[in-house]
Amino acid sequence: MSEPTGLAGEAQQLDAADGLAAVRERFVLDDVTYLDGNSLGALPAHVPARVADVVRRQWGELRIRSWEESGWWTAPERIGDRIAPLVGAAAGQVVVGDSTSVNVFKALVAAVRMAQEDGPGRNEILVDATTFPTDGYIAESAARMTGCALRPVAPAEVPSALGDRTAAVLLNHVDYRTGRLHDLPALTAAVHAAGAYAVWDLCHSAGALPVGLDEHGVDLAVGCTYKYLNGGPGSPAYLYVRRDLQPRFDSPLPGWNSHAEPFGMRPAYAPASGAVRGRVGTPDILSLLALDAALDVWDEDGVSVAAVREKSLALTDFFLRCVGAYVPDGRVESVTPAAHAERGSQVALRCDDAGEVMKRLIERGVVGDYRAPDVLRFGFTPLYVGFADVERAARVLARTLVG
């Protein structure tokens with residue numbers, strides 16, 4: 001058999017030189033080209049056995065003793081410390097639990113409360129106008145609760161929109177529709193220069209690219225774990241509270257799990273110290289420990305976020321090249337920035353009848369997703385996506401669009 005030529009041959013060569021290629025074997029995959037890790041990451045192969053141990057031994061045999069003997073009680077902070085280096089944070093600043101929406105609410109209300117403690121007149125919240133809808137819903141509720149006005153602003157316009165009234169700014173690191181990467185360092189600095197607090201949603205960046213929370217002085221951040229961290233459907237989210245702000249973090253959801261004496265059962269609430277203040281109720285142990293197991297992929301293979309980012313950019317560059325070569329002119333338009341500094345780990349293509357096109361792609365073994373009305377989304381998880389996957393996806397897309 002002759003060797004593949006053209007882009008298929010190039011894909012083969014790129015896969016042969018890929019330093020992360022071996023990590024793919026740690027995931028449960030099949031012949032499907034899976035480019036939807038920006039919605040739900042693939043299953044790490046060792047997770048089922050770990051979850052079975054949690055169910056059969058830790059719950060089935062040890063039962064309530066597992067809160068201590070199996071480390072259930074401290075799991076939210078312990079697993080938070082495992083996520084911390086993936087988002088550029090030192091230990092003791094990340095706690096895992098609840099959903100992203102709940103953590104956005106905690107972070108945003110706490111940010112406003114700190115701003116209003118700093119001085120009078122801080123009565124406005126800026127929110128990313130292109131945000132994932134839930135963040136907008138939460139921001140509107142937080143504004144009503146704190147007596148603030150809510151103002152949607154495009155991320156690029158945030159510096160000029162900031163003022164003496166600004167209390168907090170809620171931004172997405174990567175736009176969920178287009179894959180645009182926003183300038184976290186510059187926007188955070190602008191927010192701080194205005195005397196306000198920055199809250200970042202990392203759902204589409206954590207595990208795919210460097211974030212640098214500590215380096216850039218981010219105040220508060222949240223993120224999910226079922227995308228590029230591969231924690232499984234509905235796996236718990238996380239909350240980052242910068243260390244120097246932790247004594248002032250006033251959660252709008254004080255629960256017994258964040259009490260200084262959780263088993264004291266006291267009628268008055270007294271917050272615990274540290275990131276533990278971000279806890280609320282009893283941790284969801286089964287999904288929490290599935291996430292814990294999934295994070296082993298990063299440790300066991302010595303995977304660095306820098307290497308993941310390098311491959312992510314190479315994959316998305318190659319995909320755009322393949323699409324340009326295979327897809328007839330005028331059938332799709334990339335709405336993802338070409339510049340590396342402005343690109344996350346997905347490519348979004350504007351396409352007529354995107355929903356029907358994606359349905360046909362999935363039937364042909366290429367799984368992405370779409371966002372109404374006209375955007376095809378392809379997510380590239382460098383831990384398990386290869387260059388041959390990328391070339392095949394573009395080829396099948398071209399066939400789908402012409403026939």
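1. Gly119 counts as buried in this predicted model, because its relative accessibility is 19% and the limit for a buried residue is under 20%. Gly119 belongs to the loop that runs between helix H5 (100-118) and strand E3 (124-128). In sequence, Gly119 and Gly195 are 76 residues apart, while in space their C-alpha atoms are 9.7 Å apart.

2. The next point concerns a sheet. Strands of a sheet pair through backbone hydrogen bonds, in either a parallel or an antiparallel manner. Here an open sheet is built from four strands in the order E9-E10-E13-E12, and the pairing is antiparallel. Strand E9 (332-334) and strand E12 (369-371) stand at the edges with a single partner strand each, so one side of each has no neighbour in the sheet. From one strand to the next, the twist averages 35 degrees.

3. How many bridges join E12 to strand E13? There are three, and E13 comprises residues 375-379. The two strands run antiparallel. Arg371 stands opposite Val375 in E13.

4. Helix H11 (residues 305-326) lies across E9, strand E10 (346-351) and E13, and runs at about 25 degrees to E10. Helix H12 (residues 354-363) also packs on the sheet, where it touches E10, E12 and E13. The direction of H12 makes about 40 degrees with that of E13.

5. The largest pocket holds about 330 Å³ of space. Its lining consists of 24 residues, and those nearest its centre are Thr100, Phe132, Cys203, Tyr226 and Lys227. H5 and helix H6 (133-146) are the elements that give two or more residues to this lining. By class, the lining has seven nonpolar, ten polar and seven charged residues.

6. For the second largest pocket, the volume is about 170 Å³. Which helix provides the largest share of its lining? H11 does, with four residues. Among the lining residues are Leu14, Asp18, Ala307, Glu310, Lys311 and Phe387. The classes represented are six nonpolar, one polar and three charged residues.

7. Rolling a probe the size of a water molecule over the atoms shows where empty space remains. The structure holds one cavity of 30 Å³ or more, and about 50 Å³ of space lies in the largest cavity. Residues that line the largest cavity include Arg24, Asp30, Thr33, Tyr34, Tyr384 and Asp389. The lining of the largest cavity divides into five nonpolar, one polar and three charged residues.

How values were computed:
Residues numbered from 1 in each chain as written. Predicted model: local features only at pLDDT ≥ 70, side-chain atom pairs only at ≥ 80, totals over all residues. Heavy atoms only, no water. Pairing = 2+ DSSP bridges. Axes fitted to C-alpha atoms, helices over the stretch in contact; angles between N-to-C directions. Contact = heavy atoms within 4.5 Å. 1 Å grid on protein atoms, 1.4 Å probe; cavity = no way out; pocket = protein on both sides within 12 Å on 5 of 7 lines; lining within 4 Å. Points joined across faces, edges and corners; volume = space filled by probe spheres on them. Nonpolar A, V, L, I, M, F, W, Y, C, P; charged D, E, K, R; others polar. Buried < 20%, exposed > 50% of the residue type's maximum accessible area, 1.4 Å probe, protein only.
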